[in-house]
Amino acid sequence: MPRPTGRVLTLLELLQSGGTRTAAELADRLSVEERTVRRYVDQLIDLDVPVESVRGRYGGYRLAPGYRLPPLMLSDDEALAVLLGLVAGRRTGLMAAGHTASETATAKIRRVLPKHLARRLDTLLESLAFTDQPGEFPTPDTGVLLTIADAVRHSRPVSIRYTDRDGRRSERTLNAYGIVAHSGRWYVTGTDPEIGEDRTFRLDRIADARTLPGSFEAPVDPDPAHRVLSGFATAEYRHEVTLRIHGTVEQIRAHLPASVARLEEYEPVAAEDGATERWMRVELRAERLDWLPPVLASLDRPFVIERPDELRDLVTALAERLASYARQSVGPPA
C-alpha cells in the first residue's frame with residue numbers, strides 16, 4: 001500500500017500531465033476517497049505548488065497555466081524511453097544539439113536513476129546493437145533550428161547566412177515550409193522569394209537566422225519531406241539518366257527511392273494502383289554511373305536505357321562478367 005507521501009507525489013505527477021482532472025478521477029487513480037484527494041491538494045498548495053480548483057460540470061483540479069515545476073518526475077518506462085531516445089539519436093546523427101548536450105543530459109538522468117532501473121538499462125545497452133555506424137554528421141545550431149521552426153509555424157520569412165558545399169557564403173531570404181530530418185542530416189525547405197523557386201538548405205551550414213517582418217501564404221499541402229527528396233533526385237550532377245522500367249511502383253522504389261529518382265507513368269493505366277505492373281519513366285541524376293548497373297540487375301525487371309549510352313555500355317559489361325562467372329565450374333585451389 002503506497003504511503004500518503006507517495007500518493008501526493010503521484011497526484012502531482014497526474015496534474016503535471018496537463019488538463020483538468022476531476023476529484024472522482026483522481027480518487028480512482030489514487031485508490032482513495034475524494035475528501036482525501038482534497039487533503040492531498042491542500043498539501044501541494046502548502047508546498048507552493050499552484051493547484052487551481054475549477055468549478056462547474058467539468059471542474060476539478062489543474063496546475064496554474066505557465067507554471068514550471070522544479071522537479072521532473074518520470075516513471076521507470078518514461079525514463080527508459082528518454083534515455084533510449086538520446087542514445088538512438090546520437091547513434092543515428094539526428095541530434096538537434098551537439099554531442100556534449102546529449103551526453104550531459106544522459107548523465108544527469110542516469111545519475112538519479114534508481115539502482116534497479118540503472119541495472120536494467122545497462123543490461124539493455126550491453127545487448128543492443130545498431131546496424132548503422134554512429135552518425136558523424138555536424139549538428140545544426142540550436143538557436144538557428146528554433147528560429148527557423150518558429151518562422152515555419154507562423155509563416156514568417158527568415159534571413160539566413162549560408163555556406164554552400166564549395167565554401168561560398170551568401171545571405172538569403174527564405175519562406176520556409178518545413179524542417180526535415182533525412183539520413184542523419186537536417187534540412188529546411190521553402191521558397192526563395194527573390195527568384196520564386198523552391199530551395200532546400202542544410203541546417204548545419206546556416207550560420208545565422210533571423211525572422212523578418214511580414215508573412216507569406218504557404219501552400220495548402222507543402223509536404224516538406226517530398227520537396228526535400230525531390231530536390232535530391234533533381235540536383236545538378238554530371239550525368240542525366242532516363243530509363244523505362246516495367247514493374248510496380250513498390251518494386252522500383254525499393255531500389256530507387258524518391259531521394260534518388262523521379263518516377264512518372266510512361267503508359268497511363270486506368271487504375272491508379274501502385275501494385276499494378278506497367279512501364280514507368282525513371283529520371284535521375286548522378287555524379288557517377290558505376291553504381292547503377294548492379295541496382296538494375298538486383299531490380300530484375302525489364303528495362304530500357306534511353307540515355308546515356310555510357311550506362312548501356314556499363315550494363316553490358318556487367319552482364320558479360322556475370323555470365324563468365326556463371327560458366328566457371330572449377331573454383332580456386334584449396
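Predicted model: local features only at pLDDT ≥ 70, side-chain atom pairs only at ≥ 80, totals over all residues.
Local features here need pLDDT of at least 70, side-chain atom pairs count only at pLDDT 80 or more, and totals for chains, interfaces and linings use all residues. Residues are numbered from 1 along each chain as its sequence is written, and side-chain values use heavy atoms, with hydrogens and water left out.

**View 1. Four strands make an open sheet in the order β9-β10-β8-β11.** The pairing is antiparallel. At the edges sit β9 and β11 (303–307), each pairing on one side only. On average, neighbouring strands are turned by 25° against each other, direction ignored. Strands (E, at least two residues) and helices (H or I, at least four) are DSSP runs, numbered from the N terminus, and two strands pair if DSSP finds at least two bridges between them.

**View 2. Here β8 meets β10.** Strand β8 (residues 239–247) pairs with β10 (residues 278–286) over nine bridges, in the antiparallel sense. Look for Glu240 opposite Arg285, and for Leu243 opposite Val282.

**View 3. Now β10 meets β9.** Five bridges link β10 to β9 (residues 261–265), again antiparallel. Glu265 has Met280 of β10 as its bridge partner.

**View 4. Two helices join the picture.** Helix α10 (residues 292–299) packs on the sheet and touches β8, β10 and β11 (contact: heavy atoms within 4.5 Å). Its direction makes about 5° with that of β8. Helix α11 (residues 309–327) lies across β8 and β11, at about 140° to β11. Axes are lines fitted to C-alpha atoms, for helices over the stretch in contact, and angles run from 0 to 180 degrees between N-to-C directions.
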